[in-house]
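Colleague: Before I rely on the terms used for this fold, I would like to hear what stands behind each of them. Could we take them one at a time?

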Amino acid sequence: MINKINEIRAQIDAVTSATQAEVEALRIKYLSKKGAVSALMNDFRTVPAEQKRELGQKLNELKSYVTERINALRDNASSGAGDADMLDLTRTAAPVRLGTRHPLSLVREQIIDIFRRLGFTIAEGPEIEDDWHVFESLNFAADHPARDMQDTFFISRNPDVLLRTHTSSVQTRVMTSQKPPIRIICPGRVYRNEAISARAHCFFHQVEALYVDRHVTFADLRQTLLYFAREMFGPDTQIRLRPSYFPFTEPSAEMDISCNLCGGKGCSFCKGTGWVEILGCGMVDPAVLEACGIDSKEYSGFALGMGIERITNLKYQVKDLRMFSENDIRFLEEFTAAH
């Protein structure tokens, strides 16, 4: 038994460094119930009585020594020393450059955060949609130009399947599946069959909001818009609502904000008017509520929608929409501070 004790001690002494996994393997090998030290403790029962005192002392010393050595190896491994498996020898010696958030993602999250504070929740839907959710339920006439192939991407030869042209389709999906009150915000990518240029693209990003409940008025819409504009562009921002037309809202309006570059005095960015258009809005048309199974005599609502690229342009003065999708590192690095 003395030889076995000395052998185990020599084996432990030979281990100078180990990983966490290797240390755990050593603990199991020597200190577990079926380990080498435990086996010696079991053999101790057969030792003659005159040798028990000496061997018992040596066994206790061995167990303490093995425990201390394994604990020391574990501490050494956790501090990183000897943890050779953690080293990536193929890694470049130069510092790794960290990425940044995309400007559209930054603005999208800021818009969502503002509306969340007003009690809106996020709703999402498919980008490949059907005609009913994109057009028919939203009061688009059968001969509306938006249904034409020059404006819409249709899937294969099926005229009923298309890439959504706005995230209003998410609103109709929610209205047909939930009962009021409804207060949602719908961010997402949309597609339109347009020539790509500095001012237009065949895909872009929208955020739309919908609020349906009893006694919702245009005053609620205006106050929501004013709150959003001042949270997004600053506390001194003013808004202006101009009459407009959308098939799914009545009355409808376009919203302008006071130019955040000249403070409303007039400059080249706002074309000397002091105002910049940012979104469309209005009260949900009763025909849309009825198409989605909501009683328009009991409930009313408002909706609004904006292009994320448009808002990003206003915040960061990006003049070419194509830069958002080209992944030019030089352009994206300009938003490191914004992140």
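Colleague: In this predicted model, which residue of β9 is the bridge partner of L210, and what makes β5 and β9 a pair?

Modeller: The bridge partner of L210 in β9 is A303. Two strands pair if at least two bridges are found between them, and eight bridges join β5 to β9, which run antiparallel; the two strands therefore count as paired.

Colleague: Which helix packs on the sheet, and which strands does that helix touch?

Modeller: Helix α8 (residues 218-233) packs on the sheet, where it touches β6, β7, β8 and β9.

Colleague: What is the strand order of the open sheet, and why are β1 and β6 called edge strands?

Modeller: The open sheet has seven strands in the order β1-β4-β5-β9-β8-β7-β6, with mixed pairing. The edge strands are β1 and β6, each of which pairs on one side only. For β1 the partner is β4, to which two bridges join it in the parallel sense, with T121 facing I184 as its bridge partner in β4.

Colleague: What makes β4 and α7 mostly covered?

Modeller: A residue counts as buried at under 20% relative accessible area. Eight of the ten residues of β4 (182-191) are buried, as are seven of the ten in helix α7 (residues 168-177). The buried residues of α7, among them V170, V174 and M175, pack against elements that include β4, β5 and β9.

Colleague: How do you know that the length of α1 agrees with that of a helix, and which of its residues are buried?

Modeller: At 1.5 Å a residue, the 13 residues of α1 should span 18 Å, and the end C-alpha atoms are 19 Å apart, which agrees. Residues I5, I8 and I12 of α1 are buried; they cover an arc of only 65 degrees around the axis, which puts them on the same side of α1. On the other side of α1, N3 and A14 are exposed.

Colleague: Why are α2 and α3 called roughly parallel?

Modeller: Their axes come within 4 Å and cross at roughly 10 degrees; angles under 35 degrees count as roughly parallel, and α2 and α3 are therefore roughly parallel to each other. Where they meet, K29, Y30 and L31 of α2 contact A36, V37 and S38 of α3.

Definitions and conventions. Residues are numbered from 1 along each chain as its sequence is written. This is a predicted model: local features need pLDDT of at least 70, side-chain atom pairs count only at pLDDT 80 or more; totals for chains, interfaces and linings use all residues. Side-chain values use heavy atoms; hydrogens and water are left out. Buried means under 20% relative accessible area, exposed over 50%, partly exposed in between (1.4 Å probe, protein chains only). Contact means heavy atoms within 4.5 Å. The expected span of a helix is 1.5 Å times one less than its number of residues. The arc is that of the directions from the helix axis to the C-beta atoms. Axes are lines fitted to C-alpha atoms, for helices over the stretch in contact, and angles run from 0 to 180 degrees between N-to-C directions. Angles under 35 degrees count as roughly parallel, over 145 as roughly antiparallel, 65 to 115 as roughly perpendicular and the rest as oblique.
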